[in-house]
Amino acid sequence: MTILTERLRLDPLRIEDADELFGVLDDERLHEFTGGRPATLAELRTHYTRLLVGSPKTDEVWFNWIVRRRSDSQPVGTVQATLRDGRRSALLAWVIGVEWQRQGFASEAALGLVQWLRAAGVSDFAAHVHPEHAASEAVARNVGLEPTDWEIGGERVWRSP
């Protein structure tokens, strides 16, 4: 289920994508709002293995994509959707490597994901965004989400109207 946008190709994530994504994600600045540190290559492979096994919750389905530029297949980040409520609602997440930020890739990838999910019958969308992360707030707005008064783990919940 590859998703194409004007400039990007979202390919289903594979364990071996960790090798290419390691260099994209190995940057402390990506953790400014979420905390933690960049994963080692071994940790990234283990994490992707867990993602591909799928959610341990029977009412939840995980979808994960590597985001690549169509022009040269350069990986620039990832997007994911956690489907719940009989696949009617999706919790969205995105990360774009620092080198590729400020080019609209996060918004383009997230919008392509939302369009694909809508076509698959998903009608309710949400994302958790740190209240000081203006770039991610812009991505949430660009895909039609609005901020709510709810917070989960220090992040504001954004929802589709």
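**Close-up views of helices, pockets and selected residues**

**View 1. Exposed and buried faces of helix α2.** Arg50 and Val53 are exposed on the other side of α2 from the buried residues Leu44, Tyr48 and Leu51. Seen down the axis of α2, these buried residues fall within an arc of 55°, so they line one face of the helix. The arc is taken over the directions from the helix axis to the C-beta atoms. Relative accessible area, computed with a 1.4 Å probe on protein chains only, defines buried as under 20%, exposed as over 50% and partly exposed as in between. The model is predicted: local features need pLDDT of at least 70 and side-chain atom pairs count only at pLDDT 80 or more, while totals for chains, interfaces and linings use all residues. Residues are numbered from 1 along each chain as its sequence is written, and side-chain values use heavy atoms, leaving out hydrogens and water.

**View 2. Length and surroundings of α2.** Helix α2 comprises 13 residues (41-53) and reaches 19 Å from its first C-alpha to its last, close to the 18 Å expected at 1.5 Å a residue. That expected span is 1.5 Å times one less than the number of residues. Helices (H or I, at least four residues) and strands (E, at least two) are DSSP runs, numbered from the N terminus. The buried residues of α2 pack against α1 (17-25), β3 (61-69) and β4 (75-84), where contact means heavy atoms within 4.5 Å. Just after α2, Gly54 adopts a positive phi of about 105°.

**View 3. The buried side of α1.** Asp17, Ala18, Leu21, Val24 and Leu25 are the buried residues of α1. They cover an arc of only 115° around the axis, which puts them on the same side of α1. Their packing partners are β2 (8-12), α2, β3, β4 and β5.

**View 4. The largest pocket.** The largest pocket holds about 1500 Å³ of space. Of its 49 lining residues, Leu30, Thr34, Trp94, Val95 and Ile96 are the closest to its centre. Two or more lining residues come from each of α1, α2, β4, β5 (89-96), α3 (105-119), β6 (124-129) and α4 (134-142); β5 gives the most, with six residues. The lining has 26 nonpolar, 15 polar and eight charged residues. Ala, Val, Leu, Ile, Met, Phe, Trp, Tyr, Cys and Pro count as nonpolar, Asp, Glu, Lys and Arg as charged, and the others, Gly among them, as polar. On a 1 Å grid over the protein atoms alone, a pocket is an open set of points with protein on both sides within 12 Å along at least five of seven lines, and lining residues have an atom within 4 Å of a point. Points are joined across faces, edges and corners, and the volume is the space filled by probe spheres set on them.

**View 5. The second largest pocket.** About 160 Å³ of space lies in the second largest pocket. Among its 14 lining residues, Arg84, Leu91, Ala126, His128 and Arg159 lie nearest its centre. The largest share of the lining, four residues, comes from β6. By class, the lining has seven nonpolar, three polar and four charged residues.

View 6. Thr82, in strand β4, counts as buried at 10% relative accessibility. Leaving aside neighbours within four places in sequence, Thr82 is in contact with Glu60, Val61, Trp62, Ser89, Ala90 and Leu91. Lys57, in the loop between α2 and β3, is partly exposed, with a relative accessible area of 48%. Lys57 and Arg84 are 27 residues apart in sequence and 9.7 Å apart in space, C-alpha to C-alpha.

Methods:
1 Å grid on protein atoms, 1.4 Å probe; cavity = no way out; pocket = protein on both sides within 12 Å on 5 of 7 lines; lining within 4 Å.
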